[in-house]
Amino acid sequence: MLKTEAIAKHFGGLEVLSDVNLSVGAGEIVGLLGPNGSGKTTLLNILSGFLRPSGGRIHYGGRDIGGMAPEAIARLGIRRTFQLPRMPEKMSCAELLLTAVEQPAGARLLAWPGRARAEARDARKRAFEMLEHLELTRVAHQPASGISGGQQKLLALGAAILGGARLLLLDEPTAGVNPTLRLRLVETLQDIRRQGVTLVVVEHDMGFIGRLCDRCVVLDRGVLIADCKPEHLMENERVVEAYLGKRETRPKAPDALLRTAEA
Ligand SMILES: Nc1ncnc2c1ncn2[C@@H]1O[C@H](COP(=O)(O)OP(=O)(O)OP(=O)(O)O)[C@@H](O)[C@H]1O
Ligand SMILES: [Mg+2]
């Protein structure tokens with residue numbers, strides 16, 4: 001469904017991505033991992049058209065979408081969420097979700113006013129069910145920009161899900177979300193996949209990745225260093241090194257550190 005070929009990105013002299021070859025099959029849930037600053041968000045920005053790659057190609061559904069504008073990529077069915085959501089000032093949470101629900105074609109609305117009313121009712125039902133699911137009913141009529149950081153992440157995720165995407169790119173969708181709700185979101189995202197949506201999810205929490213993803217890829221300083229099932233991640237010495245440092249320079253275990261501090 002999505003395939004990148006030798007994607008590169010540099011900002012001035014800083015090489016942030018190099019030779020990234022990533023394939024995502026239709027219906028897969030792929031986790032994108034890597035230490036802070038390894039290039040995960042930059043890669044999502046490139047896939048969704050928010051940044052131009054310095055080199056390489058992106059194929060999506062048989063087309064080369066590299067360098068296309070974000071709106072054009074969104075029209076092809078790719079939707080993304082942001083690591084730091086930006087909420088409109090003047091919209092309530094409910095309004096934001098209502099505008100996100102995939103809209104039927106305008107021409108059909110004009111030709112069938114009765115049907116348009118039924119579709120508006122359906123959109124409202126779906127928006128409020130999503131608010132309930134995300135435990136946001138209490139703030140449904142509050143301005144979206146005024147709710148908490150974790151709630152804004154949930155709202156952005158809800159909007160992305162309701163938007164009718166074929167490929168969803170999620171940048172740390174549950175960062176700052178409480179553990180119970182995170183567990184529920186694993187099920188939600190698996191439901192979405194059963195409805196035919198493909199997902200690429202940036203995430204730091206290995207437990208979440210293990211529950212959610214079929215496969216995960218790991219970036220380290222802009223290079224893809226692993227592509228495997230989540231359960232095999234920690235067998236990969238390059239992955240362990242990327243997160244914990246080289247064996248000989250790894251920090252001591254936390255309990256050893258504590259003992260040192262007490263001594
Ligand atoms: N617009 C920019 N101009 C200059 N450098 C940038 C720009 N955007 C990103 N970078 C740099 O690219 C590197 C990768 O950043 P990126 O945000 O992709 O990392 P990340 O893997 O998403 O990290 P995190 O887990 O902390 O979100 C960082 O060193 C960052 O400073
Ligand atoms: Mg990031």
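This is a predicted model: local features need pLDDT of at least 70, side-chain atom pairs count only at pLDDT 80 or more; totals for chains, interfaces and linings use all residues.
At 24% relative accessibility, F82 counts as partly exposed, a label that covers values between the cut-offs for buried, under 20% relative accessible area, and exposed, over 50%, with a 1.4 Å probe and protein chains only. Residues are numbered from 1 along each chain as its sequence is written, chains are lettered from A and ligands numbered from 1 in the order in which they are written, and side-chain values use heavy atoms, with hydrogens and water left out.

Let me stay with F82 for a moment. A search of the whole structure finds 1 aromatic pair, where rings of Phe, Tyr and Trp (its six-membered ring) pair if their centres lie within 6.5 Å, and where planes under 30 degrees apart count as stacked, over 60 as edge-to-face and the rest as tilted. The partners are F50 and F82, whose ring centres are 5.3 Å apart and whose planes stand at 90°, so the pair is edge-to-face. The two residues come from distant parts of the chain, 32 residues apart, with F50 in the loop between α1 and β5 (55–60) and F82 in the loop between β7 (78–80) and α3 (93–100).

Which residue has its charged end over the ring of F82? That is R80, at 4.0 Å from the ring centre, and the charged end of R80 also sits over the ring of F50, 5.0 Å from its centre. For such a charge to count, NZ of Lys or CZ of Arg must be within 6 Å of the ring centre and within 35 degrees of the ring normal.

Now to the ligand. How many residues surround ligand 1? There are 13, and the closest are G37, K40, T41, T42 and Q83, a residue being near if one of its heavy atoms lies within 4 Å. By class, this shell has 3 nonpolar, 8 polar and 2 charged residues, with Ala, Val, Leu, Ile, Met, Phe, Trp, Tyr, Cys and Pro taken as nonpolar, Asp, Glu, Lys and Arg as charged, and the others, Gly among them, as polar.

Several polar contacts, that is, pairs of N or O atoms within 3.5 Å, can be named. A polar side-chain atom of N36 lies 2.9 Å from an oxygen atom of ligand 1, while for G37 a backbone N or O atom is 2.8 Å from a ligand oxygen. Q83 brings a polar side-chain atom to 2.8 Å from an oxygen atom of ligand 1. The protein covers 62% of the 640 Å² of accessible area that ligand 1 has on its own, as given by the Shrake-Rupley method with a 1.4 Å probe.

The largest share of the shell, 3 residues, comes from helix α1 (residues 40–47). This helix is mostly covered, with 7 of its 8 residues buried, among them K40, T42 and L43.

Finally, a word on backbone angles. Most residues other than glycine have a negative phi. A6, in strand β1 (residues 2–11), has a positive phi of about 50° although it is not a glycine, and at 34% relative accessibility A6 counts as partly exposed. E135, in the loop between α5 and α6, likewise is not a glycine and has a positive phi of about 55°, and its relative accessible area of 46% makes E135 partly exposed. L136 lies in the loop between α5 (113–133) and α6 (149–162), but L136 is buried, with a relative accessible area of 0%.

Definitions and conventions:
A polar contact is a pair of N or O atoms within 3.5 Å; within protein, one must be able to donate a hydrogen and the other to accept it, and residues adjacent in sequence count only if both atoms are side-chain atoms. Helices (H or I, at least four residues) and strands (E, at least two) are DSSP runs, numbered from the N terminus.
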